[in-house]
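Open the model in your viewer and keep the selection tool ready. This tour moves from stop to stop, saying what to select and what is there.

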Amino acid sequence: MPLLIFKALEKRGFAENEISSTINYQILIFLILVLWVYAYLYFRLTGVIRGSFRPSLPFNEDNYTSDSPFYSTVLAMYFILIFFIYKAIKNRLFRGILFVLAIASLLLTGGRSGLVFLAVYFGLYSLFTFKPYISRKRLPIYFVLLIGLIVAGVVASDQIINNRLIERSLSFDLGEDQSAQGRVAKLIMSFENNYQFGLLFGRGFLSHDALWYDGAISTINAYFGILGVFIVSILLYNIYITQIIPLKKDYQKAYYVLFSLTTAYIVTNLISDYYLLTRSIFPFLINFFLIKYILVNARKPETLG
């Protein structure tokens, strides 16, 4: 499915009105996702919603099975797209408020994948450009907002959520983390299940000890073996050399942005298996080709009023 979506979007261009409308729709979606984090916590506190202490995406059928890692990754991706790539919000007050609310919501999901996404993207982009990503004029403003956010978040979390969400978001002690240990255990299980088949081809979709292996490498290895992991690696490498690397000479900004964004997406999928979700791969690929189209054609999207 991801490959089919990629091929369907690869040759498609974007009309002028489509660029602005697509970006504006995504800002609206991002706003709804940010506000839903606060709404979920409030509704759970008041008993309107019953479910996990970690927020789930809107319209989730089972709130007890939280998809907060995926939720935090989506928030992180839209955060980068809207504030640092498209820069399509013209109103400074709205942009500043949404910026602060977005960071807080990212922490309050209780998922760490989003922070990994941000770290990989900004780390790679900084290595490419050797420039501070936030302008010096705005840095003091964001610094004050972040300090206020941290203080408010600590106070609110102590009173409302006992700091569990923020602690979980910022905890990277993988040796003590049950979620990380579970992913490692499932990776080992994927090799154990394939052992009698020589590890090369996998066991297909039948006779598995688990249906969900909680990781891209684990899942591919379980069903398609080491050969499947190798083929997927070749396909990903082909995307880099055909879609991204050719931009390096004449379109450096497009190269920097797409290389960093794609790598961040792949790294977070190595942790989990979001690429199997249409609501993950479809927005990513739309934005991949939209960014490429805008930067290669030197088109600036219209800003919101």
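Select L235. This residue sits in helix α9, which covers residues 216-244. The model is predicted. Is L235 buried, exposed or partly exposed? L235 has a relative accessibility of 40%, so it counts as partly exposed. The band for that label lies between the cut-offs of under 20% for buried and over 50% for exposed.

Next, select L247. You are now in the loop between α9 and α10, the latter spanning 252-271. L247 has a relative accessible area of 7%, so it is buried. How far apart are L247 and F259 in space, C-alpha to C-alpha? The distance is 9.9 Å, and twelve residues separate L247 from F259 in sequence.

Now zoom out to the whole chain. How many helices and strands are there? Count eleven helices and zero strands. Read along the sequence, the pattern is α-α-α-α-α-α-α-α-α-α-α. The chain has 305 residues, and 47% of them count as buried.

Go to K87. K87 belongs to the loop that links α3 (68-86) and α4 (92-108). Its relative accessible area is 52%, so K87 is exposed. Check the backbone here. Phi of K87 is near 50 degrees, a positive value in a residue that is not glycine. Most residues other than glycine have a negative phi.

Two packed helices are described by the angle between their axes and the distance between the axes. For α3 and α4, the angle is about 155 degrees and the axes are 10 Å apart. Angles over 145 degrees count as roughly antiparallel. That label therefore applies to α3 and α4. Their crossing is left-handed.

Hold α4 and bring in α2, residues 16-46. What is the angle between α2 and α4? They cross at roughly 50 degrees, and their axes come within 9 Å. The cut-off for roughly parallel is under 35 degrees, and roughly perpendicular runs from 65 to 115. α2 and α4 are therefore oblique to each other. The crossing of α2 with α4 is left-handed.

α4 packs roughly antiparallel to α3 and oblique to α2.

How values were computed
Residues numbered from 1 in each chain as written. Predicted model: local features only at pLDDT ≥ 70, side-chain atom pairs only at ≥ 80, totals over all residues. Heavy atoms only, no water. Helix = DSSP H or I, 4+ residues; strand = E, 2+ residues; numbered from the N terminus. Buried < 20%, exposed > 50% of the residue type's maximum accessible area, 1.4 Å probe, protein only. Axes fitted to C-alpha atoms, helices over the stretch in contact; angles between N-to-C directions. Left-handed = near helix turned anticlockwise from the far one by under 90°.
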